[in-house]
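Have the viewer open while you read, and check each one as you go.

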Amino acid sequence: MQEDALFKDTYRNINYACSFFKGTKVGKPDEYDLDLRMRLPLNYPTLKVKQNHENYGYVKVKVEDDSKVIVRLPKWKTHSKILNEWLDNKGYLDKNKFRQWMEKVMSKTYDRLIKVDKDYELTVEDKTYVLKQYKKSGPAFTIYVQPKDESEADHIMNVDLVPCLEFEDITLDGYKQISYMTNNIIIVAKPSNEPDGHRL
């Protein structure tokens, strides 16, 4: 994925969020949830994260240009052709445009894999895996992974890659703050029926 210049510049790390990594998985590990944490090249204190409790679990992110403050950092200019499309004419982040871009990144990543019939092959540390074509499942891109070695062929793994936007020093009204945790949050671009794509 990091062959994509914008992904490389925004990607921070992976947050391992499933029961296997929490140590609560019973039986053989076969499901993995990986949050791909990305950070937009913006001056975060200038952002407006709006919420209303008619739509619990959703927020709106607004980028407000200010002549007195640098809102968009240099990397934004580098990728402005794509990033500017993510904002509507009022400055709201459009999750649909973000998800469309992420799907293009996924497609290009698959294009670089070795294709065998309808599947794809990926070799990691001298071990080859067979990957099925990814599927969109809610906010995730789901990949079914199977070792090519016939002795392990029955071990099919379900990997959910979830694109997330990371925001730091953000406090959301109406939510309990836990003293030992930072105000860093991640926002997942969840599918919804609203037409303008503002709710994440």
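1. Lys 132 is partly exposed, its relative accessible area being 36% (on the scale used here, buried is under 20% relative accessible area, exposed is over 50%, and partly exposed is in between, with a 1.4 Å probe and protein chains only). Its side chain meets that of Asp 119 in a salt bridge, 3.2 Å from N to O; the term stands for a side-chain nitrogen of Lys or Arg within 4 Å of a carboxyl oxygen of Asp or Glu. Lys 132 sits in the loop between S7 and strand S8 (135-137) and Asp 119 in strand S6, so the bridge ties together parts 13 residues apart in sequence. As for the labels, helices (H or I, at least four residues) and strands (E, at least two) are DSSP runs, numbered from the N terminus.

2. Before going on, the ground rules: this is a predicted model, in which local features need pLDDT of at least 70 and side-chain atom pairs count only at pLDDT 80 or more, while totals for chains, interfaces and linings use all residues. Residues are numbered from 1 along each chain as its sequence is written, and side-chain values use heavy atoms, with hydrogens and water left out.

3. How many salt bridges does the structure hold? There are eight. One of them joins the side chains of Glu 3 and Arg 112, at 3.6 Å from N to O. That pair links distant parts of the chain, 109 residues apart: Glu 3 is in the segment before helix H1 (5-10), and Arg 112 is in the loop between H5 and S5. Glu 3 counts as exposed because its relative accessibility is 56%, whereas Arg 112, at 43%, is partly exposed.

4. Now look at Arg 37 and Glu 166, another salt bridge, with the closest N and O atoms 2.8 Å apart. Here too the pair links distant parts of the chain, since Arg 37 is in strand S2 and Glu 166 in strand S10, 129 residues apart. Are these two buried or exposed? Arg 37 has 15% relative accessibility, so it counts as buried, and Glu 166 is buried as well, at 5%. Arg 12 belongs to the picture too: salt bridges that share partners join Arg 12, Arg 37 and Glu 166 into one network.

5. S2 deserves a look of its own. Six of its eight residues are buried, leaving the strand mostly covered. It pairs with strand S1 (residues 11-16) in the antiparallel sense over five bridges, and with strand S10 (residues 157-167) in parallel, over eight bridges. Pairing here requires that DSSP finds at least two bridges between the strands.

6. Which residues does Thr 46 contact, leaving aside its neighbours within four places in sequence? They are Val 69 and Val 71, with contact meaning heavy atoms within 4.5 Å. Thr 46 is placed in the loop between strand S2 (31-38) and strand S3 (48-50), and it counts as buried because its relative accessibility is 15%. Its side chain reaches the backbone oxygen of Asn 43 at 2.6 Å.

7. Asp 94 is one I'd flag for a second look. This residue is buried yet has no salt bridge, and the nearest side chain of opposite charge, Lys 97, is 4.6 Å away. (Lys and Arg count as positive and Asp and Glu as negative; His and the chain ends are not counted.) Asp 94 lies in the loop between helix H4 (80-83) and helix H5 (95-111). Apart from its neighbours within four places in sequence, Asp 94 is in contact with Trp 86, Asp 196 and Gly 197.

8. Last, some backbone angles. Most residues other than glycine have a negative phi. Asp 117, not a glycine, has a positive phi of about 55°, and Asp 126 has a positive phi near 65°. Asp 117 is in the loop between strand S5 (114-116) and strand S6 (119-124), while Asp 126 is in the loop between S6 and strand S7 (127-131). Asp 117 counts as exposed at 71% relative accessibility, and Asp 126 is exposed with a relative accessible area of 80%.

Technical notes
A polar contact is a pair of N or O atoms within 3.5 Å; within protein, one must be able to donate a hydrogen and the other to accept it, and residues adjacent in sequence count only if both atoms are side-chain atoms.
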